[in-house]
There are 2 protein chains.
Amino acid sequence: MSGVLTIALDAMGGDKGPDAVIPGAALALSENPSLRFMIFGDEQKIRPLLDKFPAVEQASTIIHTDHFITADEKPAAALRNGRNSSMRLAINAVAEKQADCVVSGGNTGALMAMAKMVLKCLPGIERPAIASLLPTMGRETVMLDLGANLECDSEMLVQFAILGSVYSRAVRGHEQPTVGLLNIGSEDMKGHDEIKMAATILSQIKFPGKYVGFVEGNDIPMGKVDVVVTDGFTGNVALKTAEGVSKLIGDMLKKSLKKSPLAMLGAFLAKGALMSLKNEMDPRYYNGGMFLGLNGVCVKSHGGMDEVGFANAIKYAAQLAARNFNVRVAAEIAEVMTQEEQLNLKSAMLQEKAS
Amino acid sequence: MSGVLTIALDAMGGDKGPDAVIPGAALALSENPSLRFMIFGDEQKIRPLLDKFPAVEQASTIIHTDHFITADEKPAAALRNGRNSSMRLAINAVAEKQADCVVSGGNTGALMAMAKMVLKCLPGIERPAIASLLPTMGRETVMLDLGANLECDSEMLVQFAILGSVYSRAVRGHEQPTVGLLNIGSEDMKGHDEIKMAATILSQIKFPGKYVGFVEGNDIPMGKVDVVVTDGFTGNVALKTAEGVSKLIGDMLKKSLKKSPLAMLGAFLAKGALMSLKNEMDPRYYNGGMFLGLNGVCVKSHGGMDEVGFANAIKYAAQLAARNFNVRVAAEIAEVMTQEEQLNLKSAMLQEKAS
């Protein structure tokens, strides 16, 4: 990564507010000394923390505001009343080119609504999507949408496939990332009309990924594809189910290993191996919902995250900004849009269906 | 369980066909000697297996047929061409009251289509749903629909809530099972219109369960509710994602414990504890997709299951049949239908939306 990157931080978002944000910034800075921060929030709460992390203080500007968005505020209300909130000011900094990207652990709906209004969508993108990285048997998979759009038509799914592919190629370095549409079976006949139409379009157009077909829920953790594309409702449920199952097994394993002295001794001896597994599955290392499709980089940290998690969200935001993600997406989308076959294809299919 | 129960078995369904079905029947019979079997399929393949399991032979009638439904046959084709298939004949046996229930490991779509055509839906039920039990931190949860209905309106979701509640009460013995609608957040404002309308209806009507609100993906493995209600697309993806994550962690744990001699020794000492965890999460013990809402008991065994899994599918089918599940559901549905508030409520909501 070359050159200085400035990250706008919403210090008041998330359950822990500045207590996760400032130590998180310190961790991120220790890994990448070229980062600079604009910290938006209550100066009285931020200052004492900066005293503990002088490196962050040196790399930061504080922009004080008394206002912040609460976790239960509705997006529309946040848009109306949150003009001076730490979240909104942090997004503004990206729009005004003072910062390269913004990271917030606050209210997802409000963050998305504000980011969309202030930063706008990239040309050709109907709606942005939330994407995250997931651990798998193979290399990490990026999945989108994770909750920004409850219902998605075929064009949105196609756009998500492009967004995910550009991300996978530009940021993860996968030359021709494989892309799958999440469905309830791998046969062509499965699923509803929009997903079938998206499959047809994806198999005909040229885009930075390689469409390999439908994938099922169990294919996600197996790492069958680099990019899993789905609507926001299904994606959100699948992601949270995966997190829940992971926690369930972890808890049951712990309980199981405390059942007998022999098991406890075994667990003690295997501690290194068990810890390395725990780290590999640690949700903090996969923290950071990337809002893809906006004309600006915005990353959502999970509200319950500590500084390790927040530092990872900063890292993802910095990667997106450094690799010119938005410029690449805009170019790819423009490229696909000129492939008029896509649009002809869709109208042909619709006509066929209607007749 | 009192009295003899006759189970119609499709011996030709599933990847292993009779090699899983007959040993599975033997296992189920050893647990419940009052079972009797009608075995449908290729007698030449079934006979040699029965020689190995004389107890099953004594408890069984073989009905020979050369025809069977393949895994990739489309439901419509199976309906047209499969009239003499082992699957169809096994379902017919339930319709003709020769058997109390049917179990098949074959093509899910074909099984559902045939079962619906032959057995019909219970009065008041629009569409049957596929339900399964899942392991959780607490007691087992029943989740439906798992793939029979890709898109569900509010009335279908309400019916699934009733079906799941009656199952949980009648078969699992939970006096007033708690019911949650799967959504992307727990706040009232979340989700699409059909799910919000289902929530309003469920919180107003009397039914055998207790509606507790929206649940999220991570609430499923936590065992937050006894019954998780969702559409077939989301349910199918969530279930398979859970299975995949469980397998991923199991595989990573195994790999991790082989990394060093110390870890291997630890794993050896903790073997009992690790095995008990493995058994608790073993998908074979949760095998059996129950087709709820049909006027007859039909259970789908996962196609890849061995005899242990198939025996569990038989057990679930026998429980449903023994506890008069269908009669109970019919009574509950009739009860809810007389609560005219429900229908008035929905039309009032629709009017409000339209105005």
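Mentor: Copies are superposed by least squares on the C-alpha atoms of residues with pLDDT of at least 70 in both. This is a predicted model, in which local features need pLDDT of at least 70, side-chain atom pairs count only at pLDDT 80 or more, and totals for chains, interfaces and linings use all residues. Residues are numbered from 1 along each chain as its sequence is written, while chains are lettered from A and ligands numbered from 1 in the order in which they are written.

Trainee: By what turn can chain A be laid on chain B?

Mentor: The superposition has an RMSD of 0.0 Å and a shift of 0.0 Å along the axis, with a turn of 180°. The two copies are thus related as by a two-fold rotation axis, so the turn asked for is 180°.

Trainee: Which residue of chain A comes closest to the rotation axis?

Mentor: The distance is taken at the C-alpha and amounts to 1.8 Å. The residue of chain A with this closest approach is A:Gly266.

Trainee: Which element gives the most to the side of domain 1 of chain A that touches domain 2 of chain A?

Mentor: By an automatic or database domain assignment, chain A is divided into domain 1 (1–120 + 294–323) and domain 2 (127–289 + 324–355). On the touching side of domain 1 of chain A, α6 (108–119), β11 (297–300) and α13 (307–322) each supply at least two residues, where helices (H or I, at least four residues) and strands (E, at least two) are DSSP runs, numbered from the N terminus. With 7 residues, the element that gives the most is α13(A).
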